[in-house]
Amino acid sequence: METHARVVIIGGGVVGCSILFHLAKFGWKDVILLERDELTSGSSWHAAGQIHTISSDPNISRLQGYTINLYKEIEETSGQSVGMHNTGGFYLASNEVWYDYLKRERSKARYMGLDQEFISVEEAARRHPLIDPKHYIAALWDPLDGDVDPSGVCYAYAKSARVHGAKYYTHTPVIETRQRKDGTWDVVTEKGTINTEHVVNAAGLWAREAGRLAGVHLPVQPMEHHYLVTEEIPEIAERMKTGERLPAGIDYEANIYFRQERNGMLLGTYEPKSTPWKVGGTPMDFGHELLPPDLDRIADRLELAFDRIPALGRAGIKNVVNGPFTFGPDGNPMIGPVPGLTNYWAAVGVMAGFCQGGGVGKCLAEWMIEGEPEIDVWAMDIARFGDFATPDWGTVKSSENYERRFVMTFPNETLPKGRRQKTTALYDRLVGRGAVMGTSFGLEHALWFANGPEDAHEAPTFDRNRSHAYVAAEVKAVREAVGMIEIANFGKHEVKGPGARAFLDRMLAGRLPKPGRVALSPVLTHKGKLYGDLTVTCLAEDHFVLLGSGAAQEMHRRWFTRHLPDEGVAYANITDSLHGVAIAGPNARKLLERVTRDDVSANALKFRDVRRTFVGGVPAILMRLSFSGELGYEIYVAPQYQMRLWEALEAAGADLGLKPYGARALMSLRLEKGWGVWTMDFRPDYTAAESGLDAFIDWKKDFIGKAAAEAEAKRGPKARLVTMVIETDRDVVGDEAILQDGACIGHVTSGGYAHHAGKSVALGYVPPAAAADGTALQVEINGTFCAAKVVAEPLYDAAGERMRG
């Protein structure tokens, strides 16, 4: 066995084999995969093999489409059959709620270029005569769906990788991974040690064990999962005489997926009460075994299935498969460079490996070779989790996600498990005031305020919900008096040292502020894609604090530490060291004057000023900023001072109309200013010019991504972020198609109801020709094509006089 390699991949399931293939195909030949047993051991060999394109995230859907289309290539390259049955498939809705969900999926498919279409229930029954159409009201058809042979797919990837120059070794368990001072890794096996530049953990059921070898604690959890295969069904056997196979299907309300298996059917389901498997760790001697079946756990689902597909109830059961496979906390894969480690990559929690494995392999190979994937993979990026995502928490959330695999999650819905993992000093105070809480990066934060704890509830829905009037009152307070909101969940990054300014000049595309000032700057990748929009505060010539998305804090930590020079600059993620409160509204200055001895008059504390001072009797960093469009201030303090600050503001503002507000009011306020937010309107799918953030670029200096940004500036962007006003009483939530003259030209990134303006608003990307003020468009909201109009000026205070006053 070799003693050196560029990449060592741990794990020979579908994901590891796909990564091996893609790395070799894209040009890295010195890559090796190590498998502890035979290829496919673990989960891959007993997978159901059903393939489909629908996913909660549009880019994952794209990658699932890529995966399915890749099977023909690896079959031809390897000479190994993948057992592909491209039967097409449908998604069945048996009530109006699931019909709304399918309408949203159809809208996403329009702009993703996926060939999905609604067919009548009668047509679905014609294509699949075994289903009873009386149970359904809608069917969405996707011609890419079908099934594959799991073992065939794994071997096709591996053999294709070998054709491209890669190698793999079976019966070679990894027993140790050690990192050298030069950043390379020693991967130790009983057959020898390989020194490698990169390690990829694609160990599937053993991801936790492989991670611990490198000091990484991954929040993934193997879960038991049942499916069954029936005896021969006469109707299927008769159709097969002409080679006509049944399409695949998913019935959401019944919580079942099904497809043809030889002359019978395969039926799978996700139990309403999950069964985590081997919470303490996966045995190293586990391999091609199955677990004892327990049909009582899925009896209710089987009853529904037999009612909706009567032939299943008449057929005998040939096999019952109960095998473990690995889930992540939100059901999506966890891939990418692991924050805090050098050259250590994860590709774990890929529960839908035969739908997603090709896409995961492609993205990871691009990331390793080119420095970034072709498309935004935030929904799969391991950096979306931080220290809060402990193994215990991972088991709880993975179990919840398993149980909700085919359960609707609405835009306004907050899930109950794994809550209060992280809280601030204000948590009990906010809940006592009637806050309905949500979570972001594990931290509890207020969404909106009801009239006390007993009133703090809402029902999941696609429509405007009972919070609507409460949020309107919060917006009114900010626009007419003063509101205050906790701001603990923003990401905060400290950069200091004699080389801090030079380092940030390179890292940030915008102009750096002078001491005592604040600026906004985009962060670009080497290819000119957005990687952040950060508020940069300069506390001293050599001391900066950067504020940004709390959800992206580990992603940004990884980015900064990757480029950190050997000396002269110190970096730290200080998100949990600075909490705080923001106040905004016409009375904000009056309130601030009552809780500080500083002169905070308009001339003494100008817009975008920052200073260290005392507010409410505690040490604070005071910034004059506003994301609401009103006169506003952000006050950051150490966590132990946050309660005192809140109480001081609350007492001082009693006669000023002070009212606490939450994230939903803030999102409504920013819509009236046309301001985008990270993870929705701003992400690596877009460029600075497309998003409008190029207005903050300092073109006179050198920065990462400058060449790509300059090239785009010369040729012009392919799209523009616009604000639209929509004629609707059902607001967008994101990913809706934007149409012009009947053709899909773009997509919505975020939106909602702008309470002060009294309008439904959406932000989205369209071609530059459709971005002019007043352009008439349509937005598809749950199957309805709603008239929309582009508005170039902010709906509120277009000149920005309020926040600068």
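Analyst: Histidine 171 is partly exposed, with a relative accessible area of 38%; by the rule used here, buried means under 20%, exposed over 50% and partly exposed in between, with a 1.4 Å probe and protein chains only. This is a predicted model, in which local features need pLDDT of at least 70 and side-chain atom pairs count only at pLDDT 80 or more, whereas totals for chains, interfaces and linings use all residues. Residues are numbered from 1 along each chain as its sequence is written, and side-chain values use heavy atoms, with hydrogens and water left out.

User: OK, and where does histidine 171 lie?

Analyst: Histidine 171 is found in the loop between β8 (167-169) and β9 (174-179), where strands are DSSP runs of E of at least two residues and helices are runs of H or I of at least four, numbered from the N terminus. Its phi is positive, about 50°, although histidine 171 is not a glycine.

User: What about the phi of asparagine 343?

Analyst: Asparagine 343 has a positive phi of about 60° and is likewise not a glycine. It belongs to the loop between β17 (334-337) and β18 (344-348), and its relative accessibility of 23% makes it partly exposed.

User: Switching to threonine 525, is it buried or exposed?

Analyst: Threonine 525 counts as buried, at 2% relative accessibility, and its place is in the loop between β23 (518-524) and β24 (530-540). Its side chain makes a polar contact with the side chain of glutamate 372 at 2.8 Å; such a contact is a pair of N or O atoms within 3.5 Å, where within protein one must be able to donate a hydrogen and the other to accept it, and residues adjacent in sequence count only if both atoms are side-chain atoms.

User: And asparagine 322, what does its side chain contact?

Analyst: The side chain of asparagine 322 makes a polar contact with the side chain of glutamate 224 at 2.9 Å, and it also reaches the backbone nitrogen of histidine 225 at 3.3 Å. Asparagine 322 lies in strand β16 (residues 317-327) and is buried, with a relative accessible area of 0%.

User: New topic: how far apart are the end C-alpha atoms of helix α3?

Analyst: They are 24 Å apart, which agrees with the 24 Å that the 17 residues of α3 (residues 96-112) should span at 1.5 Å a residue, the expected span being 1.5 Å times one less than the number of residues. Of these 17 residues, 13 are buried, so α3 is mostly covered.

User: What sits at its ends?

Analyst: At the N-terminal end, asparagine 95 caps α3, with a side-chain oxygen 3.2 Å from the backbone nitrogen of valine 97. After α3 comes glycine 113, whose phi is positive, near 80°.

User: How many aromatic pairs are there?

Analyst: The count comes to 29 aromatic pairs, taking rings of Phe, Tyr and Trp (its six-membered ring) with centres within 6.5 Å, where planes under 30 degrees apart count as stacked, over 60 as edge-to-face and the rest as tilted. One of them joins tryptophan 98 and tyrosine 101, edge-to-face at 5.3 Å centre to centre with 85° between the planes. Both of these residues lie in α3, three residues apart or about one turn of the helix, and both are buried. In general, an α-helix has 3.6 residues a turn, so residues three or four places apart point the same way.

User: Which aromatic cluster are they part of?

Analyst: Tryptophan 98 and tyrosine 101 belong to one aromatic cluster that also includes Tyr91, Tyr252, Tyr257, Tyr270, Phe325, Phe327, Tyr402 and Phe406.
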